[in-house]
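Colleague: Could you walk me through how to read a few features of this structure? I'd like the general idea, then the actual case.

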Amino acid sequence: MAAAISSLSATQSANKALGRYQSNPATREAPWVRYTLLGLGLGFFALFLVLPLVAVFTEALRKGFDVYLAAIVEADAVSAIKLTLIAALISVPLNLVFGVSAAWAIAKHEFRGKQLLITLIDLPFSVSPVVAGLIYVLLFGAQGWFGPWLQEHDVKIIFAVPGIVLATIFVTFPFVARELIPLMQAQGRDEEEAATVLGASGWKTFWLVTLPNVKWGLLYGVILCNARAMGEFGAVSVVSGHIRGMTNTLPLHVEILYNEYQFAAAFAVASILALLALVTLVLKQFVEWRAHATLKEAP
């Protein structure tokens, strides 16, 4: 009975406080301020996000669907699409394994050099992609540290597919780890320690306890990683050599077409990247929705 009275009193106090908050003009903005801020936000969104997207598809279809389709199925465009997919299919799984391993080690264990590892993970965020590509040129180029040895053994990295994959891996590997580290830290180690006490091995604890708890965050990181891998320009541009039909990814192919004044073809190929961005956005929203729904369903 006393608990019920106390709960009722607390509820009444909260309602009074809420009423004072709602009736106090100092805590509320005038309608014109709210509408002005909302208008500025929507205007910025329309000007810098919606309008460029509409412009891409408008220019891509300006000369008709036949020209649009011809630009996409052209041999160099198909080669660029294939190379983009190859780079993503190699870099994303590797970053998935690295990201999960690094996040698990950082969030669930204590060891020397932990802060150094976190700093190294953040390195691609602070280094320009062009500089990242130049690093590989200095290492594996013809005049680089390992260039002579690679030439002697007929191994091609720069101006070839391996260099593009390496550059893509470098610029994308923080995404999975950076999504999982704060999530794992927030979840703590209680469930893992309980599983260990009950006799589960480290591998079984990881697969049955840790991984299911972070599945939505993991998927979110993979989606962002894949989006960056397919849209990367700076680092890939340095190491590709811009060889048409061989080392051009989709962003590089768009640049070449635009520089050759083939505007319809350039926008047609760019629309593929725009569609990939829209698909990524939809998947991102779905993952966020499922993650929130899972949190609400949790006891």
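Modeller: Phe206 counts as buried, because its relative accessibility is 7% (buried means under 20% relative accessible area, exposed over 50%, partly exposed in between, with a 1.4 Å probe and protein chains only). Keep in mind that this is a predicted model, where local features need pLDDT of at least 70, side-chain atom pairs count only at pLDDT 80 or more, and totals for chains, interfaces and linings use all residues. Residues are numbered from 1 along each chain as its sequence is written, and side-chain values use heavy atoms, with hydrogens and water left out.

Colleague: How many aromatic pairs does a search of the whole structure find?

Modeller: Rings of Phe, Tyr and Trp (its six-membered ring) pair if their centres lie within 6.5 Å; planes under 30 degrees apart are stacked, over 60 edge-to-face, and the rest tilted. Here the search of the whole structure gives 16 aromatic pairs. Take Phe98 and Phe173: the ring centres are 5.3 Å apart and the planes sit at 80 degrees, so that pair is edge-to-face.

Colleague: Which parts does the pair of Phe98 and Phe173 tie together?

Modeller: Helices are DSSP runs (H or I, at least four residues), numbered from the N terminus. Phe98 belongs to helix 4 (residues 75-108) and Phe173 to the loop between helix 9 (161-172) and helix 10 (174-187), so the pair ties together parts 75 residues apart in sequence. Phe98 is partly exposed at 31% relative accessibility, while Phe173 is buried at 15%. Another edge-to-face pair is Phe206 with Trp207, at 5.7 Å centre to centre and 80 degrees between the planes. Trp207 is partly exposed, with a relative accessible area of 43%.

Colleague: Where is Phe45 found?

Modeller: Phe45 is in helix 2 (residues 31-60), and with 44% relative accessible area it is partly exposed.

Key
Helix = DSSP H or I, 4+ residues; strand = E, 2+ residues; numbered from the N terminus.
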